[in-house]
Structures are given as structure tokens and as C-alpha cells.
Amino acid sequence: MAEDSSLRAVGWARSLPISAGVRAAREWTRTHMATLGWDRTASDLVDSVVLAVSELVTNAHLHAGSAAQLILTWDEECLHVTVHDASTRLPQQRHADDGALGGRGLLLVDALADDWEVRRCPRGKDVTACFQPPTPTRPTQAT
């Protein structure tokens with residue numbers, strides 16, 4: 001029997017003008033996490049994804065000064081959270097001192113996501129974070 005090597009994925013996309021605010025991105029993301037059932041099976045992971053979305057969209061609006069396109073793609077192994085903005089300037093992690101009000105966004109994304117990357121595009125850049133769901137625990141068998 002031949003193995004089916006095609007990729008199975010589901011995705012959602014939304015444009016977020018600066019006027020839409022980050023709250024809309026968080027609520028939209030949380031709604032889509034519920035369609036995957038993660039609100040019941042991995043609520044801590046949903047909180048991590050929503051926080052990362054908040055940070056990435058904030059960076060797009062604040063540092064790139066542009067609308068953000070938010071794309072969520074689930075390929076049955078990883079939830080890819082991509083935020084596209086119109087700036088070609090790549091983000092850089094900063095080491096904010098204790099009194100700084102900002103500068104920790106990418107540090108948070110790095111701590112929350114399993115992996116993340118930045119890719120330049122012809123009209124800006126994509127910042128993508130990958131989140132893998134926890135492995136379901138299997139009941140132990142009595143011996």
C-alpha cells in the first residue's frame with residue numbers, strides 16, 4: 001500500500017490594521033484555538049500562543065508602523081503562528097534592564113514557542129513561531 005505523503009493542514013488568516021488593536025488578534029486567536037479543541041486539552045499552551053500573538057502583532061504595529069497579517073496554520077504537528085508586516089528591518093532581541101517598559105517581546109516569544117524564525121519577503125517580513133501540542137499521556141498498565 002502506498003504511503004500518502006501529502007501535507008494535511010488547516011489555516012486561518014486575518015489582516016489587522018493598526019487601528020484594530022492587539023486585543024482583536026488575541027480574541028481571534030483564542031477562538032481558533034478552541035476549534036482545535038486546545039482550550040480543553042492544552043489551556044496553558046493556548047495562553048502561550050495568545051501571548052506570543054500579542055507580542056508579535058504589537059511589534060508589527062509599533063516597530064514596523066504597519067498593519068499586520070496574522071496567519072495560523074496547523075499541520076497536525078505544529079501550530080505555526082506567522083505575523084507579516086511591511087518593514088524589511090529584521091527584529092532584534094534586546095536585553096532590557098529591569099526598569100524598562102518594553103524590549104522583552106522576542107524574549108517572551110523565544111521562551112514560549114518551540115521554535116521561531118524571521119524571513120524577509122518582497123514586501124516586508126514574516127515572523128513565525130511554532131508551537132507543538134503536548135503529547136497525550138497514556139495510562140500506565142499495571143504489571
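## Burial of T29

A residue counts as buried when its relative accessible area is under 20%. In this predicted model, T29 has a relative accessible area of 0% and is therefore buried.

T29 sits in helix α1, which spans residues 21-35. Leaving aside residues up to four places away in sequence, the contacts of T29 are V49, V50, V53, L70 and L72.

## The buried side of helix α4

Helix α4 covers residues 105-112, and its buried residues are G105, L106 and V109. These residues lie on the same side of α4, because the arc they cover around the axis is only 90 degrees. An α-helix has 3.6 residues a turn, so residues three or four places apart point the same way.

Among the elements that cover the buried residues of α4 are helix α3 (43-62) and the strands β4 (115-121) and β5 (124-131).

## Cysteines

The model has 1 disulfide. The bond joins C78 to C130, with an S to S distance of 1.6 Å.

C121 has a relative accessibility of 14% and so counts as buried, given the cut-off of under 20%.

Conventions. Residues are numbered from 1 along each chain as its sequence is written. This is a predicted model: local features need pLDDT of at least 70, side-chain atom pairs count only at pLDDT 80 or more; totals for chains, interfaces and linings use all residues. Side-chain values use heavy atoms; hydrogens and water are left out. Buried means under 20% relative accessible area, exposed over 50%, partly exposed in between (1.4 Å probe, protein chains only). Helices (H or I, at least four residues) and strands (E, at least two) are DSSP runs, numbered from the N terminus. The arc is that of the directions from the helix axis to the C-beta atoms. Contact means heavy atoms within 4.5 Å. A disulfide is a pair of cysteine sulfur atoms within 2.5 Å.
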